[in-house]
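Welcome! Let's take a guided walk through one protein model, stopping at a few spots along the way. Have the picture ready and follow along.

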Amino acid sequence: MASLIVNGGRPLSGRIVPSANKNAVLPILCATLLTRETIRLNGVPDITDVNKILETFRELGSEVEADLANGLVVIRHRDTVFDARLHRLPEQMRSSIMLVPPLLTRFGVARIEDDVKGCTLGVREIDPHVEVLARFGAVVERTENSLVIRAHRPLQATNHWLDYASVTTTENFVLCAATAEGTSMLTNAASEPHVQEFCRFMTMLGARIEGIGTSQLTIRGVGSLGGGDFTFAEDFHEIATFLALGGITGGKIAVRNSHPEQFPLIDRTFAKFGITVIHEDGWSRAETDGSLRVLRPFTQNMLTKVEAAPWPYLPVDLLPIFIALGVKAEGSVMFWNKVYDGALGWSVELSKFGAHTFLSDPHRLITFGGHPLIPAEVESPYIIRVSIALLMLAASIDGRSVIKNATPIRRAHPRFAENLRSLGADVEWTTGD
């Protein structure tokens with residue numbers, strides 16, 4: 001894996017146009033397999049997971065025209081074929097599971113390898129997906145190192161209540177229900193912005209979905225889906241990331257943001273560290289009145305808290321960037337990850353910068369911020385936003401730091417180092433994967 005070398009201590013300032021959200025792009029790419037009509041996608045990021053899916057489509061015989069330098073992809077699945085004995089779906093990529101419903105719908109069979117784990121965020125169970133597929137009438141068989149899923153007749157509508165509001169399980173339910181026979185209902189559905197964007201794409205194709213943005217979705221199956229032209233919105237994760245980079249380095253970064261209505265809770269979380277977010281004329285910027293300070297709660301015997309859970313809570317993927325702010329800001333904060341077990345173990349790397357932290361349990365971390373920090377060589381786990389959080393701290397500290405194994409950033413953010421350099425950062429990739 002490649003590493004990032006950061007010579008920090010420079011305020012970062014300028015304007016950034018963020019890329020699309022990979023968590024919207026990848027399921028939408030998977031959904032294109034449901035139709036034989038032409039689909040034109042605008043704003044597609046040039047990231048590793050996108051390239052893996054497009055290469056899989058080419059191997060299956062689909063027509064793919066990709067100009068990722070300009071964010072354009074045109075797809076036609078007219079002559080696509082799939083043979084479970086020969087074809088393999090991308091491994092080490094969680095979104096591979098969302099290729100299963102389209103393959104079942106078109107070919108009656110799908111096969112996925114055991115290694116579809118994605119980032120190292122603790123156990124990423126496959127059972128909720130298996131349960132959804134079974135409820136629509138599919139049969140799941142375990143073979144050596146893979147699962148084979150078969151549908152011996154067209155998928156049948158069903159009602160289902162999820163154990164928890166899983167994003168990918170919600171999207172898989174919609175993918176199954178869109179062309180299933182009858183009307184399906186999902187309760188405890190995920191409602192994140194990228195799930196809403198995915199559902200809007202599905203309705204563009206002709207799917208009939210009610211309840212988008214709520215915890216209950218009703219989907220009336222249609223006989224077939226069409227094509228169309230779709231443009232992706234900016235990634236709220238990337239918007240928040242660049243706002244945090246401006247705040248932690250004492251700079252002024254403006255980020256294009258077409259959906260500030262998604263940000264009230266994110267804005268209030270920034271405010272807990274002394275950062276004010278302003279949205280004007282389609283752009284967002286973060287401002288401070290000097291050094292970062294933790295906002296103390298009125299309940300004096302409690303720590304300031306940042307709690308992350310499924311939307312409309314603070315998105316759990318943003319928790320690492322706020323932990324970086326907690327290390328830098330004067331004061332103490334308790335961070336609570338209510339989704340993933342084992343997702344805070346990377347906090348030991350923070351001590352290499354001189355940070356004072358305490359891991360209470362696998363889900364809760366306390367930062368004691370405001371202490372002097374030093375440049376360091378740290379190692380990132382395979383988690384996108386953790387790599388970025390470590391880079392944020394390195395960028396705020398005078399001297400040379402190295403973020404080893406930072407390659408996960410490339411799974412979500414194209415031209416990330418180039419964007420940082422445009423803001424005044426001294427950062428470069430080492431040679432590697």
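Our first stop is Arg415, which counts as exposed at 56% relative accessibility. Here, buried means under 20% relative accessible area, exposed means over 50%, and partly exposed lies in between (1.4 Å probe, protein chains only). Arg415 is not a glycine, yet its phi is positive, about 55°. You will find Arg415 in the loop between β22 (399-404) and α11 (416-422). These element names come from DSSP runs, numbered from the N terminus: helices are H or I runs of at least four residues, and strands are E runs of at least two.

Now look at Asp281, in the loop between β15 (276-280) and β16 (283-287). Asp281 is not a glycine either, and its phi is positive, near 55°. Is Asp281 buried or exposed? With a relative accessible area of 77%, Asp281 is exposed.

## About the model

The model is predicted, so local features need pLDDT of at least 70 and side-chain atom pairs count only at pLDDT 80 or more, while totals for chains, interfaces and linings use all residues. Residues are numbered from 1 along each chain as its sequence is written, and side-chain values use heavy atoms, leaving out hydrogens and water.

## A sheet and a helix across it

Next comes an open sheet of four strands, in the order β2-β14-β16-β15, with mixed pairing. Two strands pair if DSSP finds at least two bridges between them. At the edges are β2 (14-16) and β15, each of which pairs on one side only. From one strand to the next, the twist averages 25°.

Inside this sheet, β14 (residues 253-256) pairs with β16 in the antiparallel sense, over three bridges. Ala254 stands opposite Arg285 in β16. Which helix lies across β2, β14, β15 and β16? That is α7 (residues 236-249), running at about 170° to β14. For such angles, axes are lines fitted to C-alpha atoms (for helices, over the stretch in contact), and the angles run from 0 to 180 degrees between N-to-C directions.

## Zooming in on Glu287

Glu287 lies in strand β16 and counts as partly exposed, at 29% relative accessibility. Leaving aside neighbours within four places in sequence, Glu287 is in contact (heavy atoms within 4.5 Å) with Gly274, Ile275, Thr276 and Ile278.

The side chain of Glu287 also makes a polar contact with the side chain of Arg285, at 2.9 Å. A polar contact is a pair of N or O atoms within 3.5 Å; within protein, one must be able to donate a hydrogen and the other to accept it, and residues adjacent in sequence count only if both atoms are side-chain atoms.

## A largely enclosed helix

Why is helix α9 (residues 319-328) described as largely enclosed by the rest of the structure? It is because nine of its ten residues are buried. Among them are Leu319, Phe322 and Val327.

A cis peptide bond, with omega of about 15°, joins Trp311 and Pro312.

## Cysteines without disulfides

A disulfide is a covalent bond between the sulfur atoms of two cysteines. How many disulfides does a search of the whole structure find? The search finds zero, counting as a disulfide a pair of cysteine sulfur atoms within 2.5 Å.

For Cys30, the nearest cysteine sulfur is that of Cys176, 12 Å away. Cys30 is buried, with a relative accessible area of 0%. For Cys199, the nearest cysteine sulfur is that of Cys176, 13 Å away. Cys199 counts as buried, at 2% relative accessibility.
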